[in-house]
Amino acid sequence: MSIAPNRPRGRSWLVGAGLFLAVHGEALLRQPRFYLTGLFWLIVGKRVRGRNQLSALIGSSRLAYLLWVARHEAKNWPAPGPTAEAVSIVVVIDARFAPEQLAQTLQSLAHAGQMDSVIVIGGPSARLLVGDAPHRLPLRWVGELVDLFQDLQRNAGAWLFMLDAGDCLAPGALMLVAAAAQDSSTISYGDDDLIDRRGRRYDPHFKPDWNSELFRYHDYLSGAAAIRLDSAVLGSLPPLGNPDWIGALTRTAVDLAANPPRHIHHILVHRRARPHPAAPPMQGPEIETPPTVSVIIPTRNQLELLKICLQGLQQSNYPVLDCIIIDNGSDDPATIAFLDKLDAPFYRVLRQPGPFNYSALNNAAVAEARGEFLCFLNNDVSMIGQDWLMYLISQARGERVGAVGARLLYPDGTIQHAGVVLGVGGGAGHAHRGQDPNEPGYFLRASLPQFVSAVTGACMVVRREKFLAVGGFDQDCFPVAFNDVDLCLKLNARGWQTFYEPRAELIHHESKSRGTDHSGEKKARFAGELARLKERWHTDRQVDPYHHPALSRFSEQFVIGL
């Protein structure tokens with residue numbers, strides 16, 4: 001079975017052209033109006049709008065990955081060559097449960113790169129296959145885990161790459177591991193895809209850089225990682241009876257590592273199966289001594305929206321609240337009367353007339369806030385359950401955590417916000433927008449607590465001390481748009497990483513209270529704020545560490561970039 005043949009250049013071009021036509025033809029047939037609208041925007045010069053329209057449609061095609069492979073992979077295979085320092089690599093293949101698939105794994109090692117030894121663990125049938133394998137491979141067979149672990153003790157300092165029988169190393173995979181081994185990390189991991197019985201590749205996992213919180217719910221390293229066999233790892237080998245010893249050893253190495261695992265942005269392994277993400281439990285968190293939270297809500301008229309928001313806030317099970325409503329020049333008599341009658345001291349109304357400047361309004365309210373934590377909340381947000389704020393505060397209390405954001409849904413139930421991805425459209429976009437929250441989406445990412453680059457200010461919690469330490473919202477450069485992204489990136493730069501908590505779930509009637517940015521004046525203002533975001537944070541050039549270079553920068557869906 002051949003996984004990634006090196007086709008002649010002319011044939012590769014023909015295959016790529018055929019796949020290109022097939023992908024676009026499928027997209028046109030699947031959603032003709034959507035496809036043609038995107039094509040129209042491209043023709044009239046609206047490149048960003050056109051690519052945004054088409055990227056999710058094309059990138060989600062069942063043939064998209066094959067087209068991506070034809071375009072990118074062959075020319076990106078690593079060229080053989082010496083590394084700066086000799087690296088010892090030991091490959092271990094667990095053939096105890098699928099010895100009949102061992103031959104495919106052994107075949108893949110021929111083009112994977114230099115290795116010091118290959119150890120196969122398995123029964124008598126695996127031993128026979130080892131005896132029949134090509135002699136150029138430095139093969140050894142062991143019958144039990146105890147024998148393997150004794151062997152590993154003799155390879156102290158080497159890098160260990162563990163595979164299940166049937167999984168295949170990609171060409172040049174170990175060359176990439178050797179190159180990555182030159183830094184101080186003790187774990188390197190790569191991307192992977194799946195293969196069927198005929199060796200056809202599908203379902204790639206283009207992974208984020210190291211995300212310790214995401215790893216709690218999704219082991220995306222095991223089976224595609226190299227681990228340095230230092231004394232700490234060798235002294236903490238998993239129990240002999242553990243059938244998932246590869247996963248157990250990987251998790252142990254992560255716990256012991258002094259530096260975060262290094263991500264190799266290449267497909268390293270073609271796999272028969274991989275660990276599945278597991279959604280976290282939904283029981284509400286308990287906080288022994290809940291800190292005071294100042295909830296800050298800007299509003300202007302829109303009385304019915306505000307009433308729904310405040311009703312949800314009152315029904316929250318969070319016990320210590322201080323609510324500041326910023327009245328940005330309401331002139332509706334009913335709204336004014338309602339605000340005048342709000343109960344003090346739970347509600348305080350801060351009168352701030354004048355042009356809408358989200359950053360200035362919230363900064364003014366922070367100066368009046370009494371809480372240890374701040375909760376910035378749009379007036380067009382309504383609550384689904386009672387424990388949303390408890391979830392957010394439980395995460396925001398973390399020493400390394402900065403801003404914490406919730407999962408926001410549109411009124412139709414689809415996702416409006418599941419974290420923010422930098423670089424989408426050159427600026428930033430809401431991750432997984434439009435996805436059904438009951439669908440897994442991209443490896444269940446929209447449903448898993450995790451570190452992200454930014455979250456929306458429509459529902460954001462942050463410790464007041466940290467907010468003030470970075471200067472709050474930038475009311476001069478980002479009066480309306482991207483102020484939340486800028487704040488999160490300032491916090492990240494100080495070592496307080498932004499966090500996404502999907503168990504805090506609310507409904508967001510996006511921009512109902514202030515409208516959209518489609519008028520001429522608003523479009524000009526938005527363009528200026530986008531330009532300042534690019535200038536300050538290079539969002540048009542940098543790759544979000546929790547996204548991937550192979551994923552589309554023109555889609556808020558996590559789809560392959562074509």
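**Surface, fold and cysteines**

Author: This is a predicted model. The protein chain exposes about 24,700 Å², and carbon and sulfur atoms supply 53% of that area.

Reader: What share of the 562 residues is buried?
Author: Buried residues make up 54% of them.

Reader: And how many helices and strands?
Author: The protein chain has 18 helices and 21 strands. Its radius of gyration is 27 Å, close to the 24 Å that the globule rule gives for 562 residues, so the chain is as compact as a globular protein of that length.

Reader: Switching topic: how many disulfides?
Author: The count is zero.

Reader: What about C459, how far away is the nearest cysteine sulfur?
Author: It belongs to C375 and is 4.9 Å away, so C459 is in no disulfide, the cut-off being 2.5 Å. C459 is buried, at a relative accessible area of 1%.

Reader: Now helix 18. Which of its residues are buried?
Author: G528, E529, L530, L533 and W537. What covers them includes helix 17 (483-493).

Reader: How far apart are the end C-alpha atoms of helix 18?
Author: They are 26 Å apart, which agrees with the 26 Å that its 18 residues (520-537) should span at 1.5 Å a residue.

Reader: What comes just after helix 18?
Author: H538, which takes a positive phi of about 55°.

Key
Residues are numbered from 1 along each chain as its sequence is written. This is a predicted model: local features need pLDDT of at least 70, side-chain atom pairs count only at pLDDT 80 or more; totals for chains, interfaces and linings use all residues. Side-chain values use heavy atoms; hydrogens and water are left out. Helices (H or I, at least four residues) and strands (E, at least two) are DSSP runs, numbered from the N terminus. The expected span of a helix is 1.5 Å times one less than its number of residues. Buried means under 20% relative accessible area, exposed over 50%, partly exposed in between (1.4 Å probe, protein chains only). Contact means heavy atoms within 4.5 Å. The radius of gyration is taken over C-alpha atoms; the globule rule is 2.2 Å times the number of residues to the power 0.38. Accessible areas come from the Shrake-Rupley method with a 1.4 Å probe; for residues, only the protein chains shown count as cover.
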